[in-house]
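Please look through the sequence and the structure shown here before reading on. The report below goes from the whole chain to single residues.

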Amino acid sequence: MYRTVYPLRLLGTGLGALVTGSVLLQNGHLTDYGWAIIPTLLLWPHVAYLHGRLSGSPYRAEVTNLLVDSAIVGLWIALMQFNLLPSVVLAVITTHDKFSTGVRRLWLYSLATILGTTLLTALLVRPCVVLASSLSVVACTLPLIVLHYLAVSATSYRLIRTAARQNVQLQELRRHDF
């Protein structure tokens with residue numbers, strides 16, 4: 001599972017760095033919080049990969065990694081001062097990704113993790129709420145929306161093709177057994 005998630009996590013966190021950086025720049029907080037992009041969005045995918053690879057239970061490790069992804073999103077929602085478009089996009093994409101894992105109720109735990117981390121970060125940092133997004137923030141958010149949609153569609157297509165191929169193989173085996 002961690003091998004499959006790794007390239008998608010790289011794409012998502014890379015685009016997330018673009019989005020969060022644009023919001024920090026818009027809000028004048030790039031020097032305050034910009035350093036946090038490196039560990040949370042640029043190093044995290046590699047740490048998560050190693051965690052899954054070196055774990056005695058890669059499946060459980062990846063479920064934990066997926067919840068850490070959610071915590072990172074919660075952190076950034078507060079650090080972005082609740083900027084509406086990027087916050088909603090990051091929360092929805094992160095929650096959607098948990099549905100697609102097939103892990104029962106993971107989306108619910110993810111949502112609770114996002115909300116809890118957002119609340120905790122907001123209590124610690126006390127950000128002013130800045131809901132408005134500049135054109136540059138919108139422009140930096142669009143690639144995340146488009147590429148996430150395309151990546152999910154491509155992954156779904158591959159799964160559907162694999163299932164169809166396996167169904168054909170099963171039908172052929174059934175014919176040979178009779």
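## The chain as a whole

The secondary structure of this predicted chain consists of 7 helices and 0 strands, and read from the N terminus the elements follow the order α-α-α-α-α-α-α. Along its principal axes, the C-alpha trace spans about 70 × 35 × 25 Å.

Of the 178 residues in the chain, 36% are buried. The accessible surface amounts to about 10500 Å², and carbon and sulfur atoms account for 69% of that area. When contacts between residues at least 6 apart in sequence are considered, 79% of them join residues that are at least 24 apart.

## The largest pocket

The largest pocket has a volume of about 860 Å³, and its lining is made up of 34 residues, of which Val5, Leu8, Arg9, Asp97 and His148 lie nearest the centre of the pocket. Two or more lining residues come from each of helix H1 (2-27), helix H3 (37-54), helix H4 (58-79), H5 and helix H7 (135-177).

Which element gives the largest share of this lining? It is H1, which contributes 10 residues. Sorted by class, the lining of the largest pocket holds 17 nonpolar, 12 polar and 5 charged residues.

Leucine 66 is located in helix H4, and it counts as buried because its relative accessibility is 5%, which is under the 20% cut-off. Leaving out residues up to four places away in sequence, leucine 66 touches Met1, Arg9, Lys98, Thr101 and Leu106; one of these, Arg9, is also among the residues that lie nearest the centre of the largest pocket. Leucine 66 and serine 110 are 44 residues apart in sequence, while their C-alpha atoms are 7.8 Å apart in space.

Serine 87 belongs to helix H5, which covers residues 84-99. Is serine 87 buried or exposed? With a relative accessibility of 8%, serine 87 counts as buried. Its contacts, again not counting residues up to four places away in sequence, are with Ile77, Met80 and Phe82.

## Two arginines with positive phi

Arginine 105 has a positive phi of about 60 degrees although it is not a glycine, and it is placed in the loop between H5 and helix H6 (106-125). At a relative accessibility of 43%, arginine 105 counts as partly exposed.

Arginine 126 likewise has a positive phi, in this case near 55 degrees, and it is found in the loop between H6 and H7. Its relative accessibility is 62%, so arginine 126 counts as exposed.

## Cysteines and disulfides

A disulfide is a covalent bond between the sulfur atoms of two cysteines. How many disulfides does the model contain? The count comes to 0 disulfides, by a rule that asks for a pair of cysteine sulfur atoms within 2.5 Å.

Definitions and conventions
Residues are numbered from 1 along each chain as its sequence is written. This is a predicted model: local features need pLDDT of at least 70, side-chain atom pairs count only at pLDDT 80 or more; totals for chains, interfaces and linings use all residues. Side-chain values use heavy atoms; hydrogens and water are left out. Helices (H or I, at least four residues) and strands (E, at least two) are DSSP runs, numbered from the N terminus. Buried means under 20% relative accessible area, exposed over 50%, partly exposed in between (1.4 Å probe, protein chains only). Contact means heavy atoms within 4.5 Å. On a 1 Å grid over the protein atoms alone, a cavity is a set of points where a 1.4 Å probe fits but cannot get out, and a pocket is an open set with protein on both sides within 12 Å along at least five of seven lines; lining residues have an atom within 4 Å of a point. Grid points are joined across faces, edges and corners, and a volume is the space filled by probe spheres set on the points. Ala, Val, Leu, Ile, Met, Phe, Trp, Tyr, Cys and Pro count as nonpolar, Asp, Glu, Lys and Arg as charged, and the others, Gly among them, as polar. Accessible areas come from the Shrake-Rupley method with a 1.4 Å probe; for residues, only the protein chains shown count as cover.
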